[in-house]
Amino acid sequence: MDCLFCNIVAGKIPSTKVYEDELVYAFKDINPQAPVHVLVIPKEHIASAAAITEENSAVVAHVFEVVPKIAKELGLENGFRVVTNSGDDGAQTVKHLHFHILGGRPLQGQMG
């Protein structure tokens, strides 16, 4: 499999690691959209949010357990946004499930 994020997890492509445990890896986005822009990915290859199943949902739950820890370490006490894109119409560019943590300034727009 030639997956960019799988290669980052495997250490074949360099990244600026922010967090790592046995299930997830987090690193700085190379094209930040906010002062703090981190990607959190499961180490297991899951193609997108549409590919989450009962068998792999525990790793997704774990992602959301570590997101607040990462946000706190990065000084995002005033808030942050977590975003994922799914599929071509959802603007997903890397076909490996990933969550963007954005913060470090007041964010524009309403997301719900």
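Colleague: What should I keep in mind about the model before we start?

Modeller: The model is predicted, so local features need pLDDT of at least 70 and side-chain atom pairs count only at pLDDT 80 or more, while totals for chains, interfaces and linings use all residues. Residues are numbered from 1 along each chain as its sequence is written, and side-chain values use heavy atoms, with hydrogens and water left out.

Colleague: Let's begin inside. Which residues have the most contacts inside the largest nonpolar core?

Modeller: A nonpolar core is a set of buried Ala, Val, Leu, Ile, Met, Phe, Trp, Tyr and Cys residues joined through side-chain atoms within 4.5 Å. Buried means under 20% relative accessible area, exposed over 50%, and partly exposed in between, with a 1.4 Å probe and protein chains only. Here the largest core has 19 residues, and Ala26, Val38, Val40, Ile70 and Ile101 have the most contacts inside it. Helix α2 gives the largest share of this core, seven residues. Another core, of eight residues, lies apart from it and includes Cys3, Phe27, Ile41 and Val94.

Colleague: Where is Ile101 found, and is it buried or exposed?

Modeller: Ile101 sits in strand β5, residues 99-103; helices (H or I, at least four residues) and strands (E, at least two) are DSSP runs, numbered from the N terminus. Ile101 is buried, its relative accessible area being 0%. Contact means heavy atoms within 4.5 Å. Leaving aside neighbours within four places in sequence, Ile101 contacts residues including Val36, Val38, Val40, Ile70 and Phe80. Val40, with residues up to four places away not counted, touches Ile101 too, along with others including Tyr25, Ala26 and Phe99.

Colleague: How many aromatic pairs are there?

Modeller: A pair of aromatic rings is described by the distance of the centres and the angle of the planes. Rings of Phe, Tyr and Trp (its six-membered ring) pair if their centres lie within 6.5 Å; planes under 30 degrees apart count as stacked, over 60 as edge-to-face and the rest as tilted. That rule gives three aromatic pairs. Tyr25 and Phe27 make a tilted one, 5.7 Å centre to centre with 35° between the planes. Both Tyr25 and Phe27 are buried. Phe64 and Phe99 are edge-to-face, at 5.1 Å and 75°. Phe64 lies in helix α2 (residues 57-73) and Phe99 in strand β5, so this pair ties together parts that are 35 residues apart in sequence. Phe64 counts as partly exposed at 42% relative accessibility, whereas Phe99 counts as buried at 4%.

Colleague: Which residues line the second largest pocket?

Modeller: Its lining includes Gly75, Leu76, Phe80, Arg81, Gly103 and Leu107.

Terms used. On a 1 Å grid over the protein atoms alone, a cavity is a set of points where a 1.4 Å probe fits but cannot get out, and a pocket is an open set with protein on both sides within 12 Å along at least five of seven lines; lining residues have an atom within 4 Å of a point.
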